[in-house]
Amino acid sequence: MVSIAAMIGAAIAEIAGCFAFWAWLRLDKPVWWLVPGVLSLLVFAYLLTLIDAAAAGRAYAAYGGIYIAASLLWLWLVEGIRPDRWDTIGAAICIVGAAVILYGPRAVT
């Protein structure tokens, strides 16, 4: 459960941090928006280290599926654009893929 919570927290932190840059560059928000954006990206990087995986690449790959689903939630809740059925189906596939990567049986090497 710690891994799932870490991935959800990481997704929120990464999306919020990246959105701060988006808002500054694309939505004409003031430059000070970058301060919480950078702090949020630092939290994101820390939370990724809490994912229970033997290798960073596997943790990042599994996180990718959660990130995709969280991005679609951001699209809906923050940007006010409701994901369509193809977004939902794609996110579901990604979450299943993340679970397979993170929890699939591994040969001991």
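1. The accessible surface of the protein chain comes to about 7200 Å², and carbon and sulfur atoms account for 73% of that area. The model is a predicted one, and the values here are computed from it. Of the 109 residues in the protein chain, 31% are buried.

2. The secondary structure consists of four helices and zero strands, and the pattern along the sequence reads α-α-α-α. The C-alpha trace spans about 50 × 35 × 20 Å along its principal axes. Among contacts with a separation of 6 or more, 64% join residues 24 or more positions apart.

3. Helix H1 covers residues 2-26.

4. Which residues of H1 are buried? They are Ser 3, Ala 6, Met 7, Ala 10, Ala 11, Ala 13, Glu 14, Ile 15, Gly 17, Phe 19, Ala 20 and Ala 23. Residues three or four places apart in an α-helix point the same way, because the helix has 3.6 residues a turn. The cover over the buried residues of H1 includes helix H2 (34-48), helix H3 (56-77) and helix H4 (85-103).

5. The largest nonpolar core has 20 residues, and those with the most contacts inside it are Met 7, Ala 10, Phe 44, Leu 48, Ile 51 and Tyr 63. At least two residues of this core come from each of H1, H2, H3 and H4. H1 gives the most, with eight residues. As background, nonpolar side chains tend to be buried together in soluble globular proteins.

6. Met 7 deserves a separate entry. Leaving aside neighbours within four places in sequence, Met 7 is in contact with Ile 51, Ala 62, Tyr 63, Ile 66 and Leu 102. Two of these partners, Ile 51 and Tyr 63, are also listed with Met 7 among the core residues with the most contacts.

7. In helix H2, is Ser 40 buried or exposed? Ser 40 counts as buried because its relative accessibility is 15%, below the 20% cut-off. Neighbours within four places in sequence aside, Ser 40 is in contact with Ala 13, Ala 16 and Gly 17.

8. Val 35 is exposed, because its relative accessible area is 52% and the exposed class begins over 50%. Together with Val 38, Leu 39 and Leu 42, Val 35 makes a nonpolar surface patch of about 370 Å².

9. The loop between H1 and H2 contains Asp 28. Just after H1, Asp 28 takes a positive phi of about 60°, although Asp 28 is not a glycine. For reference, most residues other than glycine have a negative phi. Asp 28 counts as exposed, because its relative accessibility is 71%.

10. Lys 29 lies in the loop between H1 and H2 as well. With a relative accessibility of 33%, Lys 29 counts as partly exposed. Leaving aside neighbours within four places in sequence, the contacts of Lys 29 are with Ala 23 and Trp 24.

Methods:
Residues numbered from 1 in each chain as written. Predicted model: local features only at pLDDT ≥ 70, side-chain atom pairs only at ≥ 80, totals over all residues. Heavy atoms only, no water. Expected span 1.5 Å × (residues − 1). Buried < 20%, exposed > 50% of the residue type's maximum accessible area, 1.4 Å probe, protein only. Contact = heavy atoms within 4.5 Å. Patch = residues over 30% accessible without salt bridge, like charges linked within 9 Å, V, L, I, M, F, W, Y side chains within 5 Å. Areas by Shrake-Rupley, 256 points an atom, 1.4 Å probe, with all protein chains shown as cover. Salt bridge = Lys/Arg side-chain N within 4 Å of Asp/Glu carboxyl O. Core = buried A, V, L, I, M, F, W, Y, C linked by side-chain atoms within 4.5 Å.
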